[in-house]
Structures are given as structure tokens and as C-alpha cells.
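Good morning, and thank you for joining this group meeting. Please take a moment to look at the sequence and the model on the screen before I continue.

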Amino acid sequence: MLFSGKHGKEQKIEQLLTENYNRYYRLAMSYVHNGADAADIVQNGAYRAILHSGDLKGEAYAATWLYRIMLNEIFRHLQKTPQDICRDTGEDGGPEAGTEDAGLAHACENMDLQRALDAMTPKDKAVIALRFFEERKLEEIAVILEENVSTVKSRLYRGLKKLRVELGEDA
């Protein structure tokens with residue numbers, strides 16, 4: 001589908017936002033760990049994307065352009081919010097009755113992984129999240145983060161090494 005003018009670009013952006021909302025939300029959640037904040041980030045990102053849809057150079061770049069906007073919104077939010085705020089995870093904090101041991105072990109692994117990811121710099125974490133959680137290619141990540149592919153590769157390998165150390169695996 002080719003688009004012409006601002007109206008066509010805006011339609012394409014709206015379509016991608018609708019199709020990929022859950023991906024953007026998960027990406028934001030991986031940084032802020034709060035549903036309301038993640039929803040606000042995605043909503044603000046969507047607003048900015050639609051507002052500036054006329055700046056989009058070509059349809060082929062729309063998806064990476066949107067990821068860049070969402071990451072910029074995440075980084076903007078993280079600058080406003082103190083990193084050390086402890087989020088309330090619920091009153092009991094424990095698993096629900098009937099949770100199997102395997103499910104609990106999986107949840108603990110996810111918590112350890114999340115803590116290890118949170119210890120990383122935002123750009124290193126972005127590379128890991130885009131590569132493994134969003135299944136983006138290194139070239140796409142480079143475009144999204146506006147960095148060289150070699151820089152992205154370095155961030156990826158350095159980040160993976162840090163994760164292995166943090167999770168107690170052999171580096």
C-alpha cells in the first residue's frame with residue numbers, strides 16, 4: 001500500500017499502532033513495571049507519531065520509526081520518574097492458591113531476569129528487548145536506535161554477558 005500526503009501516512013501509522021499496540025505496551029512494561037505508566041507511554045507515543053506522521057519519509061520505515069518514538073517516550077518517562085521508586089506489587093505478594101511449583105519457579109526466573117535487565121543502561125536494555133522480546137533484526141535495531149550495526153552488536157554481546165553474570169551463569 002502506497003500512501004500519499006499526510007493523510008495517507010497518518011492512516012498507515014494508525015494501522016501500525018493498532019496492530020502492534022500490545023508489542024509497544026510490553027516494551028514499555030519491561031522498563032516501567034507499571035500498567036498505567038506503560039499505557040501512558042504508549043498513548044503519548046501514539047499521539048506524537050500521529051502528530052508527526054508527515055515527517056515519515058517512507059512506508060518501509062514506518063515500523064522502525066514507531067519503535068524509535070516509543071523508546072524515546074520510555075526514555076523521556078524514565079528521566080521524569082526516579083528509578084528507585086518501589087512499585088507496589090500487591091498486598092500478599094505471594095502466589096495464588098493452587099499455583100504449581102513449576103509456575104512459581106518460572107515466575108522467580110522472570111523476576112531475576114527482570115532485575116538483571118533493570119540493572120542495565122537503557123540503551124543496552126533496549127537492544128536486548130528489541131532483539132529477543134520483539135524479535136527484531138540487528139539492522140532494524142540499529143535504525144530504531146540510530147546507531148551503527150557494529151555498536152548494536154557490541155551492546156548486545158556486552159548486555160548478554162552482563163545478564164549471564166547477573167543470573168549466575170558462566171560468562
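Predicted model: local features only at pLDDT ≥ 70, side-chain atom pairs only at ≥ 80, totals over all residues.

Among contacts in the chain between residues at least 6 apart in sequence, 66% link residues that are at least 24 apart.

Let us turn to the secondary structure. The chain contains seven helices and zero strands, and its pattern along the sequence reads α-α-α-α-α-α-α.

How many of the residues count as buried? Of the 171 residues of the chain, the buried share is 37%.

I now come to empty space. Rolling a probe the size of a water molecule over the atoms shows where such space is left. I shall discuss the second largest pocket, whose volume is about 160 Å³.

Which residues line this pocket? The lining of the second largest pocket consists of Arg26, Leu27, Met29, Ser30, His33, Gln114, Ala129, Phe133 and Glu134.

Where in the chain do they come from? Two helices, α1 (5-32) and α5 (122-133), each supply at least two residues of the lining. The largest share, four residues, comes from α1.

To conclude, please locate α1 and α5 on the screen, and find the lining residues of the second largest pocket that they supply. Thank you for your attention.

Definitions and conventions:
Residues numbered from 1 in each chain as written. Heavy atoms only, no water. 1 Å grid on protein atoms, 1.4 Å probe; cavity = no way out; pocket = protein on both sides within 12 Å on 5 of 7 lines; lining within 4 Å. Points joined across faces, edges and corners; volume = space filled by probe spheres on them. Buried < 20%, exposed > 50% of the residue type's maximum accessible area, 1.4 Å probe, protein only. Contact = heavy atoms within 4.5 Å.
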